[in-house]
Amino acid sequence: MEQWNLAALEEGESGYVESVSTHLALKHRLQDLGLIPGTRVTCMARSPAGDPCAYLIRGALIALRQTDAREITLRPAHGQGA
C-alpha cells in the first residue's frame, strides 16, 4: 500500500499513522497527544503561508511545522491516495 507523509495531506484529507521518525523529544510529545501507529489524522487548515498546518488528532487540533510533519509516515484513509 502506498505511503506518504503528513505534510502531503491537503485540507480535508486524512491518513493513518504508520511511523513517527522525529527527534526523540518531539516523538514522545506527539505520542503523549495520541499520535501513534494506527491513529487517524486529518489536515484541517493551512496557514496562509502554508506552514504550519493544523491537524485533527484524536479530537484535538494540533499545529505542526512542515519539517516535523514530513517525519510522520502515513497510509491513506480508505478511498484516498491512488
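Q: What makes R75 and E18 a salt bridge?
A: In this predicted model, the closest N and O atoms of R75 and E18 are 2.9 Å apart. A salt bridge is a side-chain nitrogen of Lys or Arg within 4 Å of a carboxyl oxygen of Asp or Glu, so the pair counts as one. R75 lies in strand β6 (residues 72–76) and E18 in strand β2 (residues 14–20), so the bridge ties together parts 57 residues apart in sequence. Strands (E, at least two residues) and helices (H or I, at least four) are DSSP runs, numbered from the N terminus.

Residues are numbered from 1 along each chain as its sequence is written. Local features need pLDDT of at least 70, side-chain atom pairs count only at pLDDT 80 or more, totals for chains, interfaces and linings use all residues, and side-chain values use heavy atoms, without hydrogens and water.

Q: Why is R75 called partly exposed?
A: Its relative accessibility is 29%. Buried means under 20% relative accessible area, exposed over 50%, and partly exposed in between (1.4 Å probe, protein chains only), so R75 falls in the middle class. E18, with 31%, is also partly exposed.

Q: How many salt bridges does a search of the whole structure find?
A: The search finds two. One of them joins the side chains of R65 and D68, at 3.1 Å from N to O.

Q: Why is D68 called buried?
A: D68 has 12% relative accessibility, so it counts as buried. D68 lies in helix α2 (residues 66–69).
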